[in-house]
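Subject: Structure handover and notes

Hello,

Please find the structure below, for your files. My notes on it follow.

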Amino acid sequence: MRILVAEDGLMMRRILVRALAGWNYEVTEVEDGAQAWTEFEKEPFRMVLTDWVMPESDGLELIRKIRSAKLPFYVYIILLTAKSEKEDLVFGMEAGADDFLVKPVDHNELRVRLREGERIVRLEQELAEQNRQLRETQAALVQSEKLASLGQMAAGMAHEINNPIALVANNLAVLKRDVASAFEILDLYQSTHDDLAKSNPDLAQKVADLAEECDYSWIRDESPALFDRSLAGLKRVRDIVQNLRSFARLDEARLDYLDIDQAVAAVAQILRHELSSKEINLKIEEGSVPQILCEPGQIQQVLHHLLLNAIQASDRGGTISIRTSRCDTGVAIDIQDHGAGIASSDLAHIFEPFFTTRAVGSGQGLGLAVSYGIVRDHGGSIEVSSELGLGSTFRVQLPIRPLASQSVGGSHES
């Protein structure tokens, strides 16, 4: 445990430092409150031992600065003072001190007070960890509900869209066949045009005028291509629905082998509209990586979050690159954008549940937290490197097979 000692008296400070070092505390010593605050700003301490009366800045001012710093953890502060009046002690405690010791300090009493402070700090750490796990679980539950809704939507779309698509596709195939037969008959009639002109020139002229009016030659030449393009368009609609089903992994086992390159393509298809609306150029570099044993729906969920984040961070007309490759631990996926980047102060928090750098109401801060949990549960890792104004690169590394000790799925069940 690191302790900051602020004491202007040299002899008292040396006595305190020697005692604390003997109890295996890591000590930083300063002479007054101003120096103490400077050291505290460099790297906050979990425990502070400060004198009340000091030059430059006294102990109460130091305590108030620490309490107003809005730190993500609690700092236990013991106030040292020669004052023994009850009113003074109440005043010091109201300023934010947790405990006090009257000078000259008794070593046994100091050791007991420090142990109590250390116990409180560790309890706060445990509580913070439990709170983090609770928030992560809550984020996973929210995301599971969202994914379940997506699965239901995909099932409904597959049922409602595939049936009429199949009907239209079958009708087009029949029309293509029958129209080709009709053209054969028309071609035969057209071959008798000269004979018809001799026997009935008026009828032959009327047929020629109608053929020119409807541009029969163009229809004859372009009809096969029109049918082919229409059938191709229907196939694309089918593929979109299938990609949505593939993304939701409907009716599939939880643990299965996944082709990462195919998964990247499926997610890119799902986000095709977002890419097109911002005119983003997506470059996919496949690394011929092996299939991995995982929960496919969850890994595609991770890819979806990361690609969507890259799209949202990119400027219109930007470029996003996705690369798959082999790595020491298995398979690596790099998703790189050239957008706004992430501030260094935010990098340490981006995987925390409900943390977001976007405007209020434009994001829940769940995607990266859930992605981190999914990758972790698969025995992999997810890292980010970023620089403001230059963009970010997220790197996901996954083993070929999850370790036997890894509880793949867990609270992130899809």
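Is Arg177 buried or exposed? Arg177 is exposed, because its relative accessible area is 52%; here buried means under 20% relative accessible area, exposed means over 50%, and partly exposed lies in between (1.4 Å probe, protein chains only).

Some ground rules before the rest. This is a predicted model, in which local features need pLDDT of at least 70 and side-chain atom pairs count only at pLDDT 80 or more, while totals for chains, interfaces and linings use all residues. Residues are numbered from 1 along each chain as its sequence is written, and side-chain values use heavy atoms, with hydrogens and water left out.

Salt bridges

The structure holds 16 salt bridges, a salt bridge being a side-chain nitrogen of Lys or Arg within 4 Å of a carboxyl oxygen of Asp or Glu. Arg177 takes part in one of them, with Asp178, at 3.1 Å from N to O. Asp178 is partly exposed at 37% relative accessibility.

In another, the closest N and O atoms of Arg119 and Glu116 are 2.9 Å apart. These two residues are three apart in helix α5, so about one helical turn separates them. (Helices are DSSP runs of H or I with at least four residues, strands are runs of E with at least two, and both are numbered from the N terminus.) Arg119 is partly exposed at 43% relative accessibility, and Glu116 is partly exposed at 33%.

Arg395 and Asp334 also meet in a salt bridge, at 2.6 Å from N to O. Arg395 lies in strand β12 (residues 391–398) and Asp334 in strand β10 (residues 330–337), so the pair ties together parts that are 61 residues apart in sequence. Arg395 is partly exposed, with a relative accessible area of 27%, whereas Asp334 is buried at 8%. Finally, a network of salt bridges links Glu7, Asp51 and Lys103.

Asp32 and the loops

Asp32 sits in the loop between β2 (26–30) and α2 (33–42). Asp32 is buried but has no salt bridge, and the nearest side chain of opposite charge is that of Arg13, 8.8 Å away. The side chain of Asp32 does reach the backbone nitrogen of Ala34, at 3.0 Å.

Lys103, from the network above, is joined to Pro104 by a cis peptide bond with omega of about -10 degrees. Pro104 is in the loop between β5 (99–102) and α5.

Asn24, with phi of about 70 degrees, is in the loop between α1 (10–22) and β2, and Asn24 is exposed at 69% relative accessibility. Ser288, with phi of about 50 degrees, is in the loop between β7 (281–285) and β8 (292–294), and Ser288 is exposed at 69% relative accessibility.

Buried elements

Eight of the 11 residues of helix α13 (residues 367–377) are buried, so the helix is largely enclosed by the rest of the structure. The buried residues include Leu368, Val370, Ile374 and Asp377. Gly379 follows α13 and has a positive phi, near 80 degrees.

In helix α9 (residues 260–270), buried residues include Ile260, Asp261, Val264 and Val267. At the start of α9, a side-chain oxygen of Asp259 comes within 3.0 Å of the backbone nitrogen of Asp261.

Thr50 belongs to strand β3 (residues 47–51) and is buried at 0% relative accessibility. Thr50 and Phe100 are 50 residues apart in sequence, and their C-alpha atoms are 9.4 Å apart in space.

Surface patches

Patches are made of residues with over 30% relative accessible area and no salt bridge; like charges are joined within 9 Å, and nonpolar side chains (Val, Leu, Ile, Met, Phe, Trp, Tyr) within 5 Å. Charges are placed at NZ of Lys, CZ of Arg, CG of Asp or CD of Glu, and accessible areas come from the Shrake-Rupley method with a 1.4 Å probe, where for residues only the protein chains shown count as cover.

Asp209, Glu212, Glu213 and Asp215 form a negative patch. Glu212 is in helix α7 (residues 201–213) and is exposed at 63% relative accessibility. Ile185, Leu186 and Tyr189 make a nonpolar patch of about 320 Å². Leu186 lies in helix α5 (residues 107–191) and is partly exposed, with a relative accessible area of 38%.

Regards

Technical notes: Lys and Arg count as positive and Asp and Glu as negative; His and the chain ends are not counted. A polar contact is a pair of N or O atoms within 3.5 Å; within protein, one must be able to donate a hydrogen and the other to accept it, and residues adjacent in sequence count only if both atoms are side-chain atoms.
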